[in-house]
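Have a look at the fold, then grab a pencil.

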Amino acid sequence: MLLQFLNVLVQVLVLKSHDLLHEEIVVTVYNMACVDFNRFYAEFLPHFVSSCEGLDANQRNILVSNFKVDKVSVLKGEQRFVAT
C-alpha cells in the first residue's frame, strides 16, 4: 500500500498538478521513503521510472543509474538519495 501512495505523490510532483502543496508533498514522500531508503531506491525508483510515459529505454536507464545514496549521510546514520 505504501508504494501506491508514493507513486501517486511522486506523480503529482512530476506533473506539478498540485504546486500549492509542493512542500508538504515533498516532506510526506521523504517521510514515507525514510522508513526503508534501500527499498525506496532499489524497488520504487526503478519501478516509477519504468512506468513514466514518453521515455525511451536509454533515458530510463540513465535516470535510474543517476540516483545514488549519499555516502556522507550513511556514515552519519542517515541515508539520502541524490541525483548526480
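**Exercise 1.** At roughly what angle do the axes of helix 3 and helix 4 cross, and within what distance do they come?

*Solution.* Keep in mind that this is a predicted model. Start with the axes: those of helix 3 and helix 4 (residues 57-65) cross at roughly 150 degrees and come within 10 Å. Angles over 145 degrees count as roughly antiparallel, so helix 3 and helix 4 are roughly antiparallel to each other. Next, the handedness: this crossing is right-handed. Finally, look at who touches whom: helix 3 brings Tyr41, Pro46, Val49 and Ser50, while helix 4 brings Arg60, Leu63 and Val64. Sorted by type, the residues of this contact are five nonpolar, one polar and one charged.

**Exercise 2.** Work out what span helix 1 should have, and check it against the model.

*Solution.* Helix 1 covers residues 2-15, which is 14 residues.

**Exercise 3.** Which residues of helix 1 are buried, and which helices do they pack against?

*Solution.* The buried ones are Leu6, Asn7, Leu9, Val10 and Val12. Their packing partners are helix 2 (22-33) and helix 3 (37-51). Now take helix 2: its axis lies 10 Å from that of helix 1, at an angle of about 150 degrees. That makes helix 1 roughly antiparallel to helix 2, and the crossing is left-handed. The residues of this contact comprise 11 nonpolar, two polar and no charged.

Methods
Residues numbered from 1 in each chain as written. Predicted model: local features only at pLDDT ≥ 70, side-chain atom pairs only at ≥ 80, totals over all residues. Heavy atoms only, no water. Helix = DSSP H or I, 4+ residues; strand = E, 2+ residues; numbered from the N terminus. Expected span 1.5 Å × (residues − 1). Buried < 20%, exposed > 50% of the residue type's maximum accessible area, 1.4 Å probe, protein only. Contact = heavy atoms within 4.5 Å. Axes fitted to C-alpha atoms, helices over the stretch in contact; angles between N-to-C directions. Parallel < 35°, antiparallel > 145°, perpendicular 65-115°, else oblique. Left-handed = near helix turned anticlockwise from the far one by under 90°. Nonpolar A, V, L, I, M, F, W, Y, C, P; charged D, E, K, R; others polar.
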